[in-house]
Amino acid sequence: MGIVGNLTPQQRQSFDSQGFLVIESFASPAEIEAMRKRMDGMLQAFDPTTTASIFSTKNQVKLTSEYFYESAEKISFFFEEKAFDDNGNLKQPKELSINKVGHALHEIDPVFKEFSCSEKVSSLLFSLGYKKPVIIQSMYIFKQPGIGGEVTPHQDNSFLYTEPKTCTGLWLALEDATVVNGCLWAIPESQKNGLVRRFIRGDDGVYFDRPSPSYDQKDFVPIEVKAGSLVVIHGDLIHQSFENQSSNSRHAYSLHAVDTDGCKWAEDNWIRRKVEPKPLYASGQT
């Protein structure tokens, strides 16, 4: 049996056409359990009084802080918008109040690093045509029951821009993702229309360089997947997720990769650090 991440010609053709690809059983039950158990330990150790940073795709400019910027090289915790009452107190346990943890799990934590730098992840990226791929950010996303927030339509290349564009999202379902608990939705083939706008970090904070277009919700299709499935997302694909209105969470582990071979990292990305190649290697390379 071949390496899990090696794409078949049919899979590559489907990805190039549709802008996304679902690979079932990409992560084993043991890998899922290890990542979920490790995150549970992190949450138990986390003191919520140390930060009140809230993650929002609707209002990131206003809520941006140094805590957000510094998270590029740390393991940082971000709360849901609806986690606090009018007095600023958590309405429920911290474990059910966190939106996401990011953005350097893949570099700092051994459990997440093992998966992120695994042979199957690197093989997948080489199958997509990468020459010297680098994981540039990682996020553990909770999509909490009842308060798991909406993620508005966006393109990953907006946030992690290179010249030429090379960002690919790898979205691993750690629990079943359905239309009820907030699965991904995408507009098939929308990557063919190119990048709509960029998310830029300036002297006064972060901002989009132009307004978001209006999208017809009828154009989106749900991407319902079982735990262990990986959704590969083209950097220009328009995708989103809705609020989790169910009583079940929808945990996921998300990676974003860029190429460093013949590509320039945009200095006005929200991540200001230079991309120092710590490339993933193909099987047999050192």
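Visitor: Is K120 buried or exposed?
Guide: This is a predicted model, in which local features need pLDDT of at least 70, side-chain atom pairs count only at pLDDT 80 or more, and totals for chains, interfaces and linings use all residues. Residues are numbered from 1 along each chain as its sequence is written, and side-chain values use heavy atoms, leaving out hydrogens and water. Buried means under 20% relative accessible area, exposed over 50%, and partly exposed in between (1.4 Å probe, protein chains only). With a relative accessible area of 12%, K120 is buried.

Visitor: Which residue forms a salt bridge with K120?
Guide: A salt bridge is a side-chain nitrogen of Lys or Arg within 4 Å of a carboxyl oxygen of Asp or Glu. For K120, the closest N and O atoms of the pair are 2.6 Å apart. The partner is E31.

Visitor: How many residues apart are K120 and E31?
Guide: Helices (H or I, at least four residues) and strands (E, at least two) are DSSP runs, numbered from the N terminus. K120 lies in helix α7 (residues 119-127) and E31 in helix α2 (residues 29-45). The pair links distant parts of the chain, and the separation is 89 residues.

Visitor: What is the relative accessible area of E175, the salt-bridge partner of R36?
Guide: The closest N and O atoms of R36 and E175 are 3.4 Å apart. R36 is partly exposed, at 31%. E175 is buried, and its relative accessible area is 16%.

Visitor: How many salt bridges are there in the whole structure?
Guide: Among them is the pair of K226 and D176, at 3.7 Å from N to O. A search of the whole structure gives a count of 12.
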